[in-house]
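Reader: I'd like to learn how to read a few features of a protein model. Could you walk me through them, with the general idea before each case?

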Amino acid sequence: MRKLVPILVGFAVCAGIWEAVRVGLKLPEVVSPSLVSIAGALGDKAGYLFLELLFTIGESLAGFLIGSTLGCFVAFLFILSTFFRQAAYPIALMIKATPLIAMAPVVILWFGSGLLSKVVMSSILCFFPVLVACFDGLRSTNQSVVELLDMYGATKSQIFWKARIPSALPSLFSGLKVALPMALVGAVIGEYLSATRGIGYVIANSSYHLKTPLMYGALFLVSATGLILFLALILMEKKIAFWKDK
Amino acid sequence: MAENSNSESLTVRDLSFSFGKKLKVLTNLSFSLNQEEVLALVGPSGCGKTTIARLIGGFLSPASGEIRINGTSAEKEELKGTVALFSQAPTLLPWRTMEGNIRLPLEFEKVDRSGASIDEAVETVGLMGFEKSYPDQLSGGMKQRAVFARLIVAEHKLVLLDEPFSSLDDFSRQEMGQLFIEIQRSRKFAAVIVTHSIEEAVFLANKVVVLSARPGQVVSEHRISFEGPRTRELLKKQEFFNEVQKIRSLLP
Ligand SMILES: Nc1ncnc2c1ncn2[C@@H]1O[C@H](COP(=O)(O)OP(=O)(O)O)[C@@H](O)[C@H]1O
Ligand SMILES: [Mg+2]
């Protein structure tokens, strides 16, 4: 409860600044609607927004799972084969260096303007940070732990499962924490560019029709969702990778 | 010299080792260790003590010479589980509870010993009640105790300790040494302890082997025998001082 106080104060101050700037500078309602009308828009369209948000969350989480799993899988391959790593790393870097916006038309061309293209964009964004973090974690296994298991007669695969994998978990989680917000970015940008569903589409559509309270409301929902997903991931991290890294 | 390798747990004969072409670390090193006894290796820093321990543990291969364990020149694969090398800070898996760590060696053995008494080992080292704690929640001394409990469960025949307890303060260090000796006496394994403390060597060992500066060679060997058990009382006795002095005067 006590922890909530500074958080609430932070939000209250932001809300205050919003209202003060709006009223002080006499900004038009269509540029900077009052918090009351934003809340009103949220309330009016609650059912609709909830469904669109679920849609976006679904795309993001699917993209997150697929991209992260692929990232881990390729990281395993990197550990197993140096040749594969040297061959694949530049390609992974190139994908990483390509702005999503530039990639989006290609993805939409291939996967259509439905749900699938958003999942793909999310996974592309999640792939790289997880690959790097997972590879780092697998590579930097504490050597004395490996020697200990070897001394007890563990096989290579036992060492992999009982030492390398668990000791990569803290590093993997730092990658997942980078990837999760990216998953949302991928889905929302995809929806913004071309879709008929999802919260990104709501933002694009309401901005086009100058329904700014709805636009801000949808924006707020995306941010809040990102925050909640991130907090959930941190809770998971505390349960699964609870020990201090190194 | 009388050959009686059956009663010897460890025989090192004419052992030589170099890192690369230039760095000769050991030349013609020989010493032996009886069953159920403790040998301490002392010598100046960099003289090759860690190298010796890693050679015996099978982590390095000798350039020439022979290492026999329990009368056979065993290959590394056969030594798995028989010989154990522990160095410096205690190694525990941070994602496992203390009990999970102590159980670890059983998971890789060919024979099923999953019924082995973990509780008894935990009790011997005095860690009852901490079975479900994670290493991060244990003090340095408690981690060392957990390593000892794991060592009891693993039933090694030869235990090599390379500057153990060096992460501990003086008091726990002495306490851990004493606990180790008690375990070694009751479980009857042989042990080699590398240390830079002559007091620790004399306190723990049946035999102290003094090495020269690199390339390491045996300067002298001392058989240490005191009446009665090795407890803190011993540290105050004149005979203990005399032994320490004798060895110190021989150090290069
Ligand atoms: N992996 C290595 N490669 C090259 N030289 C090494 C290596 N390990 C140790 N040495 C050198 O071998 C010598 C003996 O090292 P070590 O056995 O660790 O000595 P001690 O344990 O007695 O302090 C030292 O001069 C050290 O610098
Ligand atoms: Mg050393």
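Reader: How many salt bridges does a search of the whole structure find over all chains?

Author: Happy to start there. A salt bridge is a side-chain nitrogen of Lys or Arg within 4 Å of a carboxyl oxygen of Asp or Glu. Over all chains, the search finds 20 salt bridges. A word on conventions: this is a predicted model, where local features need pLDDT of at least 70 and side-chain atom pairs count only at pLDDT 80 or more, while totals for chains, interfaces and linings use all residues. Residues are numbered from 1 along each chain as its sequence is written, chains are lettered from A and ligands numbered from 1 in the order in which they are written, and side-chain values use heavy atoms, with hydrogens and water left out.

Reader: Which residue of chain A does E107(B) form a salt bridge with?

Author: The partner is K162(A), and the closest N and O atoms are 2.5 Å apart. E107(B) sits in the loop between α3 (98-103) and α4 (118-124) of chain B, and K162(A) in helix α8 (residues 156-193) of chain A, so this pair joins two chains. Helices here are DSSP runs of H or I with at least four residues, numbered from the N terminus.

Reader: Is E107(B) buried or partly exposed?

Author: Buried means under 20% relative accessible area, exposed over 50%, and partly exposed in between, with a 1.4 Å probe and protein chains only. E107(B) has 26% and is partly exposed; K162(A), at 25%, is partly exposed.

Reader: What separates R139(A) and D136(A) in helix α6 of chain A?

Author: About one helical turn, because they are 3 residues apart in that helix. Their side chains form a salt bridge of 3.0 Å, N to O. R139(A) counts as partly exposed at 49% relative accessibility, and D136(A) counts as partly exposed at 36%.

Reader: At what angle do the axes of helix α4 and helix α6 of chain A cross?

Author: Axes are lines fitted to C-alpha atoms, for helices over the stretch in contact, and angles run from 0 to 180 degrees between N-to-C directions. The axes of α4 (residues 82-97) and α6 (residues 115-139) of chain A come within 10 Å and cross at roughly 140 degrees. That makes α4(A) oblique to α6(A); under 35 degrees would count as roughly parallel, over 145 as roughly antiparallel, 65 to 115 as roughly perpendicular and the rest as oblique.

Reader: Which residues of α4(A) meet α6(A)?

Author: They are R85(A), Y89(A), A92(A), L93(A), I95(A) and K96(A), and the residues they meet in α6(A) include F127(A), F128(A) and L131(A). Contact means heavy atoms within 4.5 Å.

Reader: Where is S32(A), and which residues is S32(A) in contact with?

Author: S32(A) lies in the loop between α1 (4-24) and α2 (35-44) of chain A, and is buried, with a relative accessible area of 6%. Leaving aside neighbours within four places in sequence, S32(A) is in contact with W18(A), R22(A) and L27(A).
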